[in-house]
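Let's learn to read salt bridges together. Take a look at the structure below, and then we will go through it by question and answer.

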Amino acid sequence: MAKSDDTREDPGPSVKDHDTYEALRDKGYSKEKSARIANAQANPDMDPSEKGGKAPPYEAWTAAELYERAQELDISGRSEMTKEELIEALRG
């Protein structure tokens, strides 16, 4: 069930596109992921809907590189994860 505008929690000034943020939250996305997507869509220098980034797929990364990326994103439990689990968490 969608929330009315009166009951929505203000995500704060760091979110640049509130409508996209709320739509993603209503679909069940986490606050962090919703904010990242909303901000990417609000940035004219980014095109988040364009496929095909320049980075190699996670499968080509070392476990240490995956761990470092998980650390940047503050993924909990990362120190106990296997390479495959890190990949799944980073994609989640």
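**Reading the salt bridges**

Q: Where do glutamate 32 and arginine 36 lie?
A: Both sit in helix 2, which covers residues 31-42, and they are four residues apart, about one turn of the helix. Keep in mind that this model is predicted.

Q: What do the side chains of glutamate 32 and arginine 36 do?
A: A salt bridge calls for a side-chain nitrogen of Lys or Arg within 4 Å of a carboxyl oxygen of Asp or Glu. Here the side chains of glutamate 32 and arginine 36 meet in a salt bridge, at 3.9 Å from N to O.

Q: How many salt bridges does a search of the whole structure find?
A: The search finds four. Among them is the pair of glutamate 59 and arginine 91, whose side chains meet at 2.9 Å, N to O. Glutamate 59 lies in the loop between helix 2 and helix 3 (63-72), while arginine 91 is in helix 4 (residues 83-91), so this pair ties together parts that are 32 residues apart in sequence.

Q: Are aspartate 74 and arginine 78 buried or exposed?
A: Buried means under 20% relative accessible area, and exposed means over 50%. Aspartate 74 has 61%, so this residue is exposed. Arginine 78 has 18%, so this one is buried. The side chains of aspartate 74 and arginine 78 meet in a salt bridge as well, at 3.8 Å, N to O.

Q: What are the relative accessibilities of glutamate 59 and arginine 91?
A: Glutamate 59 counts as partly exposed at 44%, and arginine 91 counts as partly exposed at 47%.

Key. Residues are numbered from 1 along each chain as its sequence is written. This is a predicted model: local features need pLDDT of at least 70, side-chain atom pairs count only at pLDDT 80 or more; totals for chains, interfaces and linings use all residues. Side-chain values use heavy atoms; hydrogens and water are left out. Helices (H or I, at least four residues) and strands (E, at least two) are DSSP runs, numbered from the N terminus. Buried means under 20% relative accessible area, exposed over 50%, partly exposed in between (1.4 Å probe, protein chains only).
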